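Here is a quick walk through one model, with the cut-offs spelled out along the way. Keep the viewer open while you read.

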Amino acid sequence: MITQTISKPVDILLVDDNPVDVRMFRDNLAEVWANQFLLTRAAYLDEALRRLDEKHYDAVVLDLTLPDSRGISTLNSVRMHSPQVPVVLLTTVNDEDIAVTALQNGAQDYLIKGQVDGSMLSRSIRYAIERHQAGERENKMAYLDALTGLPNRRLFFDRLNQSISRAQRYDEKMALLFVDLDGFKSVNDSLGHDMGDLLLQEAARRLEGCLRKSDTVARIGGDEFTCILPHIERAADINVVAHKIINALNRPFDLKGRKIQISGSIGASLFPDDSIDFEGLISNADAAMYHAKKQGKNNFQFYVDALK
């Protein structure tokens with residue numbers, strides 16, 4: 001037996017409903033990685049998506065034939081839900097067309113059950129992780145705001161679509177906040193762009209500090225930020241988060257020894273109450289934010305139909 005030494009255990013989510021295949025998978029990996037891997041098994045697609053919500057995995061090994069999902073749509077569901085995790089397909093279907101389609105749809109590799117041993121399996125998973133990490137580095141500039149390091153407009157759109165899909169799947173509510181920094185323009189004009197940039201960077205950190213790990217804060221341009229809040233149980237929870245953000249932004253900013261005071265205006269739209277689609281949620285949250293801005297500093301407004 002050839003055992004490979006790796007720097008830390010590889011955390012794998014295996015999505016397969018066949019106990020025999022799961023046992024064979026575990027035994028094959030154990031031949032090469034011994035105890036240097038962690039394996040979590042999900043028998044259904046819905047179970048796999050819940051697992052991916054709960055924690056980060058280094059890789060997903062996915063069977064395309066599950067009790068609640070079949071074919072490339074299974075891969076697409078996982079990729080849409082967790083695009084940051086590399087996927088290796090391990091299936092009984094020996095079909096070159098399916099393999100090509102799978103790779104075109106974001107899978108890192110395609111292996112046939114019964115035709116792989118421990119070395120081939122471990123190599124495929126390791127290379128999938130390395131290729132995915134290389135791709136993530138290449139895409140970093142395309143998806144992250146260069147100034148703040150937050151998701152940019154492009155990644156915001158992707159995350160919002162994912163959040164809407166999850167909310168539809170699990171019959172949940174989610175909220176979208178639009179946040180505008182009141183007073184930013186005067187700081188930028190009077191103190192210069194360097195100080196304005198420092199203010200945006202510190203504001204971004206404060207926004208992140210107000211949210212849960214499952215939430216997303218993005219900078220979509222200028223002094224405008226968005227917050228995606230999944231798994232909302234009641235509208236009152238949004239009110240709590242919004243006022244937490246307002247209080248955080250209202251604290252003085254220390255920029256190179258200068259105390260700067262700004263405030264925030266926030267608008268919110270709720271899925272599915274205010275809209276069930278991407279464009280509607282954005283438009284409604286934006287309208288609510290501008291209404292809040294008209295009311296003066298440190299204001300928050302839920303969307304209502306009367307705003308349009």
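## The parallel sheet

Val10 sits opposite Phe37 in S2. Two strands are said to pair if DSSP finds at least two bridges between them. Helices (H or I, at least four residues) and strands (E, at least two) are DSSP runs, numbered from the N terminus. As for ground rules, this is a predicted model, so local features need pLDDT of at least 70 and side-chain atom pairs count only at pLDDT 80 or more, while totals for chains, interfaces and linings use all residues. Residues are numbered from 1 along each chain as its sequence is written, and side-chain values use heavy atoms, with hydrogens and water left out.

Zoom out and you get an open sheet of five strands, ordered S2-S1-S3-S6-S7, with parallel pairing. Which strands stand at the edges? Strand S2 (37–42) and strand S7 (109–112) do, each with a single partner strand, so one side of each is left without a neighbour in the sheet. From one strand to the next, the twist averages 20 degrees.

## Helices across the sheet

Helix H2 (residues 45–54) lies across S1, S2 and strand S3 (59–62), and runs at about 135 degrees to S2. Helix H3 (residues 72–81) lies across S3 and strand S6 (87–91), at about 155 degrees to S6. Axes here are lines fitted to C-alpha atoms, for helices over the stretch in contact, and angles run from 0 to 180 degrees between N-to-C directions. Contact means heavy atoms within 4.5 Å.

The axes of helix H7 (residues 184–191) and helix H8 (residues 193–209) come within 6 Å and cross at roughly 145 degrees. On the H7 side the contact uses Phe184, Val187, Asn188 and Leu191; H8 brings His193, Met195, Gly196, Leu199 and Leu200. By class, that contact has six nonpolar, three polar and no charged residues. In this scheme Ala, Val, Leu, Ile, Met, Phe, Trp, Tyr, Cys and Pro are nonpolar, Asp, Glu, Lys and Arg are charged, and the others, Gly among them, are polar.

Leu255 is in strand S11 (residues 253–255). Skipping its neighbours within four places in sequence, Leu255 is in contact with Met195, Leu198, Leu199 and Ile260. Leu255 is buried, with a relative accessible area of 3%; buried means under 20%, exposed over 50%, partly exposed in between (1.4 Å probe, protein chains only).

Strand S13 (residues 263–271) and strand S14 (residues 299–302) pair in the parallel sense over four bridges. The bridge partner of Gly267 in S14 is Gln301. Getting from S13 to S14, the chain passes through helix H10 (residues 278–294), and this β-α-β crossover is left-handed. For reference, a right-handed one runs clockwise from the first strand over the helix to the second, with the strands pointing away from the viewer.

## Aromatic pairs

How many aromatic pairs does a search of the whole structure find? Three. Rings of Phe, Tyr and Trp (its six-membered ring) pair if their centres lie within 6.5 Å; planes under 30 degrees apart are stacked, over 60 edge-to-face, the rest tilted. Phe156 and Phe157 make a tilted pair, 5.5 Å centre to centre with 45 degrees between the planes. Phe156 is buried at 1% relative accessible area, whereas Phe157 is partly exposed at 27%.

Phe300 and Phe302 pair edge-to-face, at 4.8 Å centre to centre and 65 degrees between the planes. Ring pairs also link Phe156, Phe157 and Phe278 into a cluster.
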